[in-house]
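Work through the exercises below with the sequence and the 3D view at hand. Each task is followed by a stepwise solution.

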Amino acid sequence: MGFSKTFLTRKEFEMCGIFGIISENKFSSTDILASLKKLEYRGYDSAGIAMTGGSLYIEKSVGKISELEKKLKLFSGNAGISQTRWATTGAVTEKNAHPHLDCSKKIAVVHNGIVENYLELKKDLTKNGHKFESETDTEVIAHLLENNAPDKVLEMLEGRNAFVALKDGKIIVAKNGSPLAVGVGENVNYIASDALPFLDKTKTVIFLEDGDVAELTNSNIKFYGQQREPQHIDWTIEDAKKGTYSHYLIKEIMEQPMTINAAVAQNDEKINEISRMINSSFGSFFVACGTASHAALAASYFFAKIANKHINFCVGSEFSSHKHFLTDKSLVIAISQSGESADTLEAIKIAKEKSAKIISIVNVPGSTISRQSDYCFLTNAGPEIAVCSTKAFTSQLSVALLFAYAAAGKLEEGKELLKETSKHVREMLTTEFTEKIKLLSKKIAQKEHLYVIGKGFNYPISLETALKIKEVSYMHAEGFASGELKHGVIALIEKDTPCIAIVANDEFKQDVLNGAAEIKLRGGYIIGVSPENHEVFDFWLPVPDAGNASPIVNTIPAQLLAYYLALERGCDPDYCRNLAKSVTVK
Ligand code: AGP
């Protein structure tokens, strides 16, 4: 179905949060919104709800869920669906907010994903007399459900989609690409984009697979095709609350001494078996996106130095260009917090077509990547809510280090190093240290540009440092290998341009210090992240000497600086503009 590329880009980022309940006992509209709020990190442009309790109650609003709350009527019913939207298709208006209705106003639909052929479907439906009220692709689903069975409708949609409909007092759920999970209760069933919104009600979850369609009543879950088995999720809803912290971001940064230890709590036998597979593999790749890709890049460095094993690295969205190197001796090691990143899923699909085996390092249990892998390692970091990934990243680094040490036959040494590192991180997260970073953030908050240099194990950390600062404080930041400085970027250095130099006590120490000196010569303001102070530093951020785990301790100041810069620059640290927590479309 050939649509022009330019059109596709407009709709590219439809990532949202869906939540629904169908229950024997009546519940109120406020109950639905309370659960939907737990998905707000997936999108916050507009929100809406549809409920039945005799009549169909619809309410929509532009902006965060709190805006919808202001106009919400206290409606009670037995079934309801809702959605918080992250939109580009058509303006962010109430008309385009979900849910969308069919002509009879009896079928309500919420959706996550892209209906890539929606214009053609809309044209046919319009020709057959259907009247459309919004500019969205989603509305075609409501009209299609008037005369077609839900499984037929799902087949008609091109692209990655998940939809939930309220029809005849039942909830219909359908998935092909974007994630959906059913929460199984006593005379009540839940549906959501992930398990978080109903974890305080049930830990029995059915994760839908691509092509799945089911009908939910309060006592039954009827699949159109193969029945799926429930699994138990042991996350608690407390894990997903802010507690006493003002933002999820700072809470998750402060959890890292614990989450690094939890990441190490892996099954030794499984780790050793995997490391043997990696050692005997050929033409293998670490693959991931965004922050996870920085962990994947670091992992390839860990294997090169610690296990003397070459493993390629590639970002998910570029992987297809390398597929012809894959064989049945190759492994693809996919790293992902959410386990739902579409570009990483696409890379896994390509690898499977080439008979390569899939190992994944994932944080969300039951997620699509975890289910598509031959071997899955959970990073055990608990729910990560802030859009800006922090604790999941240091957990990914920890598991990758563990793999490398195991591949070198030194698993116990690796474990000891990471236990030590968890202690180091606990010692770093002091008020004195955060106050120092707050001071720095005040000094540089109005700067337009910031650069970060690192080498070896800490080159990926220079990239991660820049990404954290960019995505949460909207300050332009660029990380690069310190050796690349002289090949162009140094031209950007002006008087007082802030530059973070990540200087570990390793074989590259002097190289990075030289790079910092060259920047200082051109007027740069040097912020040194290092175990020891140095005269080239204008501002020193002391970090423990953590040996091969230096990338973990060197990331902490970057995360804190991004947080305090965001506050200084009046940005919301938890909800980054133009971003969503998991990127479920390519
Ligand atoms: C990181 O702070 C960002 N939210 C983003 O780069 C993220 O790391 C990327 O989208 C990958 O997500 P994943 O780990 O869930 O696959």
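**Exercise 1.** Which element gives the largest share of the lining of the second largest cavity?

Solution. The model is predicted: local features need pLDDT of at least 70 and side-chain atom pairs pLDDT 80 or more, while totals for chains, interfaces and linings use all residues. Numbering runs from 1 along each chain as its sequence is written, and side-chain values use heavy atoms, without hydrogens and water.

Step 1. A cavity is a set of points on a 1 Å grid over the protein atoms alone where a 1.4 Å probe fits but cannot get out; lining residues have an atom within 4 Å of a point.

Step 2. T465, I500, I502, V529, L541, N554, P557, A558 and L561 line the second largest cavity.

Step 3. The largest share, 4 residues, comes from α18. Helices (H or I, at least four residues) and strands (E, at least two) are DSSP runs, numbered from the N terminus.

**Exercise 2.** Which strands stand at the edges of the open sheet of 6 strands, each with a single partner strand?

Solution. Step 1. Two strands pair if DSSP finds at least two bridges between them.

Step 1. The strand order is β5-β6-β7-β8-β12-β13, with antiparallel pairing.

Step 2. β5 (100–101) and β13 (221–223) are the edge strands; each has a single partner strand, so one side of each is left without a neighbour in the sheet.

Step 3. β13 pairs with β12 (residues 213–216) in the antiparallel sense over 3 bridges. I221 in β13 is the bridge partner of L216.

Note on methods:
On a 1 Å grid over the protein atoms alone, a cavity is a set of points where a 1.4 Å probe fits but cannot get out, and a pocket is an open set with protein on both sides within 12 Å along at least five of seven lines; lining residues have an atom within 4 Å of a point.
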